[in-house]
Amino acid sequence: MFDSGRDQAAGLRCLFEARPLLFLGIGCTSADPRDRDGANALAQALQRAGRRPMVLDLLGDDVGPGARGSRTRHASRRVSIARVEAHRLLDPDADSRDLAALARSLREHALQCGSDADIALVIADPLRLADVAAALTDRIVLIAPGDAASLARLYAQLKAVRLAHGMTRFVAAFRDARSSQAVLAAHRRLSETAARFLGAAVEFGGVLPSGDQDVHAWDRLAAAAIDWARPLEVARAAAPN
């Protein structure tokens, strides 16, 4: 006899096997709601690229309101993106296995509700992100202010992550820059200093506009981000016991 419940469970398993959930960590380097807005803009660009992102927010309530609520919405397409306040669901001492389990559970719930997600964007302070994601990825994407005064703070955050977790690969994308030339020069100094003193590589992620002023810049970052993302299934096997 046909068992619809068993058939549905089998279908879910097939979906999980066919489309592994990807992971990408986004480090928000300043206590500014525009960092969170930037992460949401990246999620929208990933959606335009045909992905189904969900945003796991570990920033907490200390970063201004930004885009709050359970879903963000692209103004023109009216397509919502799930956003989970993961800082309320993970313990302060949570590790990579806890984060991976949460992401997989959220995706399974979405599938049971007739939706799906194929890439989890986890946004957090860089060191907090590394605490819970160092075993899940080989790099962190950093969204940073484009002014020169923020460069020293960004380097300090790179150093903290490098010393605490040994990570050596980063991508720095700069928002709200007044001059592309100035940002390129700042990135060159940052990457040279990080390579010399930390043994770390800092890739240039681009100059990012505010909001939807230039969707092409966000689309370029999204295209690269798809290549940077790691399957949770692969990373799970590498997580420490």
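At what angle do helix H4 (residues 126–133) and helix H5 (residues 151–165) pack, and how far apart are their axes? The angle is about 25° and the axes lie 9 Å apart; axes here are lines fitted to C-alpha atoms, for helices over the stretch in contact, with angles running from 0 to 180 degrees between N-to-C directions. This is a predicted model, in which local features need pLDDT of at least 70 and side-chain atom pairs count only at pLDDT 80 or more, while totals for chains, interfaces and linings use all residues. Residues are numbered from 1 along each chain as its sequence is written, and side-chain values use heavy atoms, with hydrogens and water left out.

**Confidence**
- The protein chain has a mean pLDDT of 83, with 80% of its residues at 70 or more; pLDDT is the predictor's confidence in each residue, from 0 to 100.
- Residues 64–78 have pLDDT below 50, and this stretch has 40 contacts in the model beyond near neighbours in sequence (contact means heavy atoms within 4.5 Å).
- Residues 234–241 also have pLDDT below 50, with 8 contacts beyond near neighbours in sequence.
- Where pLDDT is low, the predicted coordinates should not be read in detail.

**H4 with H5**
- Helices (H or I, at least four residues) and strands (E, at least two) are DSSP runs, numbered from the N terminus.
- The packing angle of about 25° makes H4 roughly parallel to H5 (under 35 degrees counts as roughly parallel, over 145 as roughly antiparallel, 65 to 115 as roughly perpendicular and the rest as oblique).
- From H4, Pro126, Leu127, Ala130 and Asp131 meet Gln157, Ala160, Val161, Ala164 and His165 of H5.
- By type, the residues of this contact are 6 nonpolar, 2 polar and 1 charged (Ala, Val, Leu, Ile, Met, Phe, Trp, Tyr, Cys and Pro count as nonpolar, Asp, Glu, Lys and Arg as charged, and the others, Gly among them, as polar).

**H5 with H6**
- H5 packs on helix H6 (residues 180–198) at about 30°, with the axes 11 Å apart, so H5 is roughly parallel to H6.
- Among the residues in this contact are Leu151, Leu154 and Tyr155 of H5 and Phe197 and Leu198 of H6.
- The contact divides into 9 nonpolar, 1 polar and 3 charged residues.

**H2 with H7**
- H2 meets helix H7 (residues 215–228) at about 75°, their axes 8 Å apart, so H2 is roughly perpendicular to H7.
- Contributors include Gly38, Ala41 and Leu42 of H2, and Val215, Trp218 and Asp219 of H7.
- Here the contact residues are 9 nonpolar, 1 polar and 2 charged.

**Salt bridges**
- The whole structure holds 15 salt bridges (a side-chain nitrogen of Lys or Arg within 4 Å of a carboxyl oxygen of Asp or Glu).
- One of them pairs Arg36 with Asp57, with the closest N and O atoms 2.7 Å apart.
- That pair links distant parts of the chain, with Arg36 in helix H2 (residues 33–48) and Asp57 in strand E2 (residues 53–57), 21 residues apart.
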